[in-house]
Amino acid sequence: MTPAELHPMATGHIPSYVTQADGSDFLLTFMFVFTVLVIVLIGVGYFTLHSIPEKIAHESNHPQFQLVGILALLALFTHNGLFWVAAILVAGFQFPDVAAPLRAIADAIRSLGNQRGDEPLPAEPTQTTAQREQ
């Protein structure tokens with residue numbers, strides 16, 4: 001058949017993305033695969049974003065690593081950004097060790113107490129009953 005003999009309603013002019021007679025739909029299949037890939041990539045990005053505080057704390061060998069991990073998990077499961085911000089702040093800053101100077105002072109006082117404990121204490125004079133009566 002020549003193009004002149006084709007009926008004007010023939011399907012030759014229909015674009016390729018329109019569903020064909022055999023039921024295959026290229027555009028639907030493409031959009032399904034594209035949507036699944038986008039959802040997976042968004043999920044990977046979301047989990048990667050939530051693991052940033054733990055990575056920071058782990059790389060710096062942070063003393064509060066477990067606290068950072070708990071805050072990051074709370075932020076992940078509650079969708080509360082405040083926990084995530086708190087985890088970033090705890091991971092980013094090292095809190096000063098306030099107990100170390102106090103421990104050093106206590107150890108010094110304890111060692112001074114041990115030195116004095118080696119010497120015998122002077123005996124206090126005891127009063128007899130006869131001396132008390134006078």
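Guide: Val68 counts as buried, at 0% relative accessibility; buried means under 20% relative accessible area, exposed over 50%, and partly exposed in between, with a 1.4 Å probe and protein chains only. The model is predicted, so local features need pLDDT of at least 70 and side-chain atom pairs count only at pLDDT 80 or more, while totals for chains, interfaces and linings use all residues. Residues are numbered from 1 along each chain as its sequence is written, and side-chain values use heavy atoms, with hydrogens and water left out.

Val68 lies in helix α3; helices here are DSSP runs of H or I with at least four residues, strands are runs of E with at least two, and both are numbered from the N terminus. Leaving aside residues up to four places away in sequence, Val68 touches Pro53, Glu54, Ala57, Ala87, Val90 and Ala91, where contact means heavy atoms within 4.5 Å. Between Val68 and Phe83 there are 9.4 Å from C-alpha to C-alpha, and the two are 15 residues apart in sequence.

Next comes the helix pair α3 and α4. Two packed helices are described by the angle between their axes and the distance between the axes. The axes of α3 (residues 65-78) and α4 (residues 81-92) cross at roughly 160° and come within 8 Å; axes are lines fitted to C-alpha atoms, for helices over the stretch in contact, and angles run from 0 to 180 degrees between N-to-C directions. α3 and α4 are therefore roughly antiparallel to each other, since angles over 145 degrees count as roughly antiparallel, under 35 as roughly parallel, 65 to 115 as roughly perpendicular and the rest as oblique. On the α3 side the contact is made by Leu67, Val68, Leu71, Ala72, Leu74, Ala75 and Thr78, and on the α4 side by Phe83, Trp84, Ala86, Ala87, Val90 and Ala91. These residues divide into twelve nonpolar, one polar and no charged; Ala, Val, Leu, Ile, Met, Phe, Trp, Tyr, Cys and Pro count as nonpolar, Asp, Glu, Lys and Arg as charged, and the others, Gly among them, as polar.

Helix α2 (residues 52-59) also packs with α4, at an angle of about 15° and with the axes 9 Å apart. α2 and α4 are therefore roughly parallel to each other. Ile52, Pro53, Ile56 and Ala57 in α2 meet Trp84, Ala87, Ile88 and Ala91 in α4. The residues of this contact are eight nonpolar, no polar and no charged.
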